[in-house]
Structures are given as structure tokens and as C-alpha cells.
Amino acid sequence: MDSHTIAAQTAEAGHIEHEHPPFLRHHFATVEQQRETATFGMWLFLLTEIMFFGGLFCAYLIYRNWYYPAFVDGSHSLHIWAGTLNTTILIVSSFTMAMGVHASETRMRKALVGWCIATIILGCGFLCVKAYEWHDEWVEHHVPGLNFSPEGFMRVNPAYPADAPLQRDMAEKTQVYFSLYFAMTGMHALHMIIGVSLLALLTIRAWGGAYTSGHVAPVENFGLYWHFVDIVWIFLFPLLYLISRHQ
Amino acid sequence: MAEPKHHDEPTHHEEHIVSPTVYLLIGAALLVLTATTTAVSYVELGNFNAVVALAIACIKMTLVVLFFMHVKYSSKLTKLTVAAGFLTFCVLITMTMTDYISRAWGRW
Amino acid sequence: MSTILTLPDQSTATLPKVSYLSKEYGLKSWLLTGDHKRIAMLYLISITFFFFIGGAMAGLIRLELLTPPSDLLAADTYNKVFTAHGIIMVFLFLVPSVPATIGNFVIPIMVGAKDLAFPKINLLSWYLYVAAGCMVIAALVSGGVDTGWTFTTPLSTHYLNTHVITAGLAVFIAGFSSIFTGLNFIVTIHRMRAPGMTWFRLPLFVWSHYAASILMVLGTPVLAITLVLVVLERTIGIGVFDPTKGGDPLLFQHLFWFYSHPAVYIMILPGMGVISEVISTFSRKRVFGYTAVAFSSVAIAVFGFFVWAHHMFIMGISNYSALVFSLLTMLVAVPSAIKIFNWSATLYKGSITFETPMLYAFGFIGLFTIGGLTGVFLGSMGMDIHLTETYFIVAHFHFVMVGGMLMAYLSGVHFWWPKMTGRMYPEGISKLAAVITFVGFILTFFPQFLLGYLGMPRRYAAYPPEFQVLNVFSSAGASVLGVGYLLPLLYLTWSLKYGKIAGPNPWQATGLEWQIQSPPLTENFVETPIVTHEAYDYEWLESKKDHEVPTVG
């Protein structure tokens, strides 16, 4: 009720940064409040993403238990070099993104732009490898619903000669494995594409200096999103690629 | 009459800038763990293959969450939020499993 | 009859010159607004629109069910009508009703903020809602969907040629509208409270929206991925729910109900928040057991995640799993009951007056209690096996949703109407409408309990002739109910121009929203309020009246 106290408090908070930086929205009292609010909002959004992917992981868990031999054979048909390479790419891209956030926090404009471009390149690299893998699955008739054929799984896999060929009914269940493979990697790739696009926009604005004068939140929060997409892949990799490789 | 209090004081955790050295170390650890998980998948461990793979994935996730996503240096609210997300995910999995385990567990 | 309504002298009173309504004019200022109050009004208009479409569907259903054979509508058409009714009423009305209209309007003011945390996301949320609504209309107009609002597989994935994909995507988009609203509320309540507004000084309306928002954020994404899988299965044929390809149709139901059960709590919790405010104001008493009511809201949200398979008792889940879910369902009724007890205790020895919001609140308490109790019956597996998929279930959820939630929504709209528009609705006709609604509701839905118990299945266009009498009662009641819902549409619109000027606090209520002008300024407060009083502090309100300040708390 004491308006003088309120005015004094607002002024006090204001002098930590300049009186009213242009990026401070009018419904926030301080830059600190705005930044914390934005980060909290992004975390809540990531919670929705956890639950979104969660449904797919739930389906995976059930069907892997039901059709384990089919899942083994399905996994064996993926290229482990591609999966490992992609995992490496994403981990490095998480590093470059974290460095980008650091550059924004330490107000180094060119460094920020550099790290962002590196992250974009790595992200695109991931998508290229993924596209190659998907093309491979198409060629081998592993795309569910569109051109799926279980024939390949009823013959001996030359890479895994100790694998017994599947009976027809179990071989047909590899379609479930590939359904989940495409749904999960597809959903993940969609998030990557959205991420790379957003990052491109951020990079353009970063070049103009938007994020190196105290306005760290957008880069920081995009970083959170990027790391989350990395974490999803960290789980997808062993679940899809590393099922019982010991043959 | 009570003194007017501020809303939650900003805990100034966001002021803590994580150093590039930490990022480098964590990044290296993640790469080592990736190599490990790939290598271990070639070793015959029976059912434990899945357990080990998931355990390594969880460790990697923890490193990313704590350090790359700054949760180690974040407010209690952030930590609570992250926990809530994982807990809900676990509820989805475990409660659904009560049905599948008691009805349709094991190889088809 | 006594009333606490206190209006300014009508011969001299005018609406404030400057308010959120008069700040800017023109379509662009509304369609590109960031003001939470304007967005709430946009929602009010669109939600009302879809409500009446869903209501028209209900009218068709009750018309068809006047006679035993399916003579008005063919069976397939009937399926499309009840599906439309379900989808529209659940996703386009019940889920966003109180949060998106009343919540959007009042929550920032109640916590002492200038706006929600993310105004642009708030606007996006409305656009997503409208897009979803248009897609539902498109699905309707191009031939309809006949899966039921529950999209059960494999019916929805394999056996129907209707516009399941359009409807599924519409619900997907509506889901994101809901997620963004919930996200905004959680962040606002955590981070934008005014100095002195501690958690336990918040109105219970805010607590219930906080709990509902947690459900929105954590539950809705699972619905989203489920619908994506259904769309993929229909388009490409991936086979994740298809038994012939090794999938499990029951998995769809697990994932669907994982959201859809918490969804019913998303629907009812905000309504319960309204009731807390209304009961307190019209008994002139603070809500009994504030802490219990606050924590029970959160408890409902948490427990609500553990009970979803009680919708699947007869679908093929294992007995052991059904036992677990049945037990947990009994548990989830407890926090709801706690609220009813607390509201009743609030009424005890209060100075009760019977304005329209209070009439609706009384209706809520009675009807929600009945509906909730029948929910406990249904939670016990033994009873559910006989009663599920009959009209008993239909009656149960209409009692809680229509007798409960819709009444709470109307209560809230009437309660905050003076704040939102600056004008009072006409009290006489509104009381009449409330009574008509109550009578119409009982006449419509109570016979359905009997019908269900006697064995009439739900979602059937035709039924055996021995059920006709009760069905006729139900349809008669539906026409009365229709009048009861049409009246507010008419007199509330009338009141926009001819209603009495309300002034800042016509109900003599506590709460920050009643300490500012009606309608509020765009920035809500002239100066940031500093809160020193507890919630529902009527003594503080008395002391304030001595030095009345119209705009600042």
C-alpha cells in the first residue's frame, strides 16, 4: 500500500541491469524475473515432451517383451555405425550448444554465432545420416504398411550367422519393431528439424547482437530444448540399435 | 500486521556461469559412455544386457540434465519440475505394466 | 429475500472511461491482443458457440430416443451425432470452459500480476482452440465421425471409413491449446505473485487451477501421441494397435485413458475453484479448512493419474490389474469428498443469501455429490461389470459434468460477469433460469440412472420398448434444460447494453479482483498491490470499506 516503497524497490531492482532494457516485457518487474519465468516455462514444455515420447516408450516396452526375437532381428538389420555416429554427433552438438549459451552469458557475439552454426551443421549431419538409414530401410522393404516384407527375416542374416531365421509368424512381427522404429526416430527427427530451423532464426538474430547484451534467455531455453532432444536419442540408441548384438 | 514480503526472491542461480572446462569434461564422459555401451552390447550378458544399456543411458541423461541443462545450479523449483516429469513418466510405465505383467508377460 | 448485492447509485453511475474494453478498438486490437482479459472474452464467445453446437447434437440424440426404433436417425448417423456431441462437449467445452474464460480473466488479477507470464502463448492457445473447432466442424460437415469420442481401436483404425483423421488431428490441436493454457497458469502462479501474496493467501480458485494445470501439462501429451499413432495406423497401416500385425488394441486404451481420466479432473477442478469462491462470498464466511481444500485439489490431481484403467474393466485387462485400479479409484474419491464437507462446513452458520451464482453452487453441491457417489459404485469392479456401457455411466458422467461442472461454469460466469463487463445481469430472470436448469437437469438425467440399472445400453439408437417411458421423461427434461441454457445467452447479451452498472465490488467479496474497477484496466492495477491479508478475510474487507479506494488494493 505504500507506493513509495514499491517505487523504491522497483528502482533498486532496475539498477542491476540498465533502467529498462528494451527486451524487458512490461508485465515483468525485473529482467531476473523474466529470465526465470521463461526458463520455468521451457522446463514445463519439456515435461510435455517427456510424456509425449513416453507413450512411444511404453509401447516399445510392451512389444519388445512380446516379440523379442523379432526385435533382435530388427535391431540387427540396423547399421550400428550409423547409430553410434549419430549419437556422437548429437553429444558433440550438445557440447557446442552449451558453449553457445556460455558465449551468450559472457556476451561474446561472434563466438555465439560460431557455436550456433556448429550446432546447426551437426544437427544437419545427424539428419543426413538418418535420411540415409531410412532410405536403406526403404530399399530393404522394412517400411511398415508401405512396402514391408518379412521375407528377409526368414532367411539367415549373413552379418549374424548364429541367428536362427524366424518362423513366418514371428518374422511378421518385425513390422511392429519397425513401426516403433519409424515412429520414434521419425518423431525425434521432426523435433530435430524444428530445432535446427529455430536455431537458424536464433543465429541470424544473434549475429545482430540480440543475445549478447544481457538477453540470454532465448539461447538458454533453446539450449534446454536441444539437450532434451539429445536425451531422447540417448535412449533411442540402445533401445533400437543395441538389442543383443552379441552374436 | 506482517511486513510486506517479496515474492520468491530470485535465487540468483542463473548468475552462475558454468565453465567450458566442465562442458568439455562432461562431453568427453558422454562420448566414453557411448563407446562403452556400444562395446558392452557385444558381450553376452543375457537379460542384463538391457539393464546395463539402460543404466548407461540413465547416467548419460543425468550428466546432460545436471550439467548441460544447468539443473545442478538451478533453483529447487527447477529440480522439482524435472523430478515431476520423470515421476509421471514412471507412473505411465509402471501402472500400464501392472496390466501387461499380470496378463501377457513373456515371449509371445 | 435479502441480498448482499451492493450497486452504486444508478442515476449517476457510469462505466469507467478507461478499461481493457475501451483501450483500443478494432478487430486487429482484439485478434492480436496480448491482454489476458481480451483473450478470455474471445474464448467466451467461441466456447459458447461450440457449446450450442454440441447442445444441438444432444437435442438430436434426445429426439431420436423418444421412440424405441431408430426412426429419426439411421444407426450410423446416430453414432455420428453422439460422437460429435462427445468430442465437442469434452474437448471444446468442458476442458477449456472455466480455465480459458474465467481463469484467463481472473487469475493474473487474483495473484496481483499485470498479465499472465506468456501473453503471446495465451493468444496462440486461443487460435489453436479455434483451429481445432474449425477442424471438428469440417469433420462434421464432410460426413462425420462415428467412433464415439473415445476413438476405440480397432474400430477407429480399421473398421470405419469416416473422418477419424480430421477429428483426431482436431483433438490433437485442442490438446496443445490446453497444454499452453496450463503451462501459462503454472508459471504465472509460481513466479508472478505480488509482494505478500504467499501460497496460502491465494484464493482457492487459484489452487484448483494450479492442480488442473499440472494435469493439463502432464496428461495431454499422452493423448497427443496416441492420436498420432491412430492417424499413422489409418494412413500408413503401421499396425501398432492391429492384432493381425501383432499390435494390442488395449494399448490404445491404456494410453488414451491415461489422459482421459485426468481429463475429467481437468474439467472439474476449475469448477470446484469457482464453487469455493462463490460459497464463501454468499455465506460471508471464509472457506472452512482452507489448507485441506487447497491440498485436496493437488491430491485429486496426483491420485488422478493412478486410476485410468477403471474405464477398461471389461475390455480385457487382467483381474489383478483391475483390482489395483479399483482400489486406487476408491482412494481418489476421498479428496473430492473432503471438498464437499468443507463447503458444507463453510455454509454452516454463514450469512447465506441466494443470488444466482449461489443457486448454481447449491445445484453443484447436490448434483456433483450424487454423480461422485455413483462414480464410487462404478469404481468397484463387481458393480462396474453390470453397469458399464449402460445409461448408468451416461447418467454418472452427466451428473458430474453437467450437474457439476456446467453449473459451476454458469455460477462463475454470473459471479464474475460484473467484473468482466462492468454490468450486472438481471437477477430475476437469472434466478429463474437457474431453477429451470436444475429441474430440467434432474428430469433429464435421473431417469438415466434407472435406465442403466435396468440394462439399457449406451450409444444405441434403438432400444427395447419397455424403456420408452423413462426415455420420454429424459427427453422432456432435455427440452426444459435447453430453455435453461438458452436464457443466460439471451439475458447476458442483453445486459451488455442494458444491465445495471456494477461498480468495483457488487458482491462485497474479498480477493484482489474485487478491489479494482469493473471492467479492469488493461494493466489491471495502477500500482503493484502489496498483500497483507489472508484469503477470504472479511474483517479486512470491513476495515477497507471505511476508506474506499476504487482502483488499488
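This report covers the fold, the surface and one lysine of a predicted model.

## Fold

Chain A is helical. Its secondary structure comes to 8 helices and 0 strands. Read along the sequence, the pattern is α-α-α-α-α-α-α-α.

Take the contacts in chain A with a separation of 6 or more: 81% of them join residues 24 or more positions apart.

## Dimensions

The C-alpha trace of chain A spans about 80 × 40 × 30 Å along its principal axes. The radius of gyration of chain A is 24 Å. For a compact globule of 247 residues, the value would be near 18 Å.

## Burial and surface

Chain A has 247 residues, and 64% of them are buried. Its accessible surface comes to about 9,000 Å². Carbon and sulfur atoms hold 68% of that surface.

Chain A carries 12 positive and 19 negative charges.

## A closer look at Lys130

Where does A:Lys130 sit in chain A? Its place is in helix 5, which covers residues 109-139.

Is A:Lys130 buried or exposed? The relative accessible area of A:Lys130 is 3%. The cut-off for buried is under 20%, so A:Lys130 counts as buried.

Methods: Residues are numbered from 1 along each chain as its sequence is written. Chains are lettered from A and ligands numbered from 1 in the order in which they are written. This is a predicted model: local features need pLDDT of at least 70, side-chain atom pairs count only at pLDDT 80 or more; totals for chains, interfaces and linings use all residues. Side-chain values use heavy atoms; hydrogens and water are left out. Helices (H or I, at least four residues) and strands (E, at least two) are DSSP runs, numbered from the N terminus. The radius of gyration is taken over C-alpha atoms; the globule rule is 2.2 Å times the number of residues to the power 0.38. Buried means under 20% relative accessible area, exposed over 50%, partly exposed in between (1.4 Å probe, protein chains only). Contact means heavy atoms within 4.5 Å. Accessible areas come from the Shrake-Rupley method with a 1.4 Å probe; for residues, only the protein chains shown count as cover. Lys and Arg count as positive and Asp and Glu as negative; His and the chain ends are not counted. The place of a charge is taken as NZ of Lys, CZ of Arg, CG of Asp or CD of Glu.
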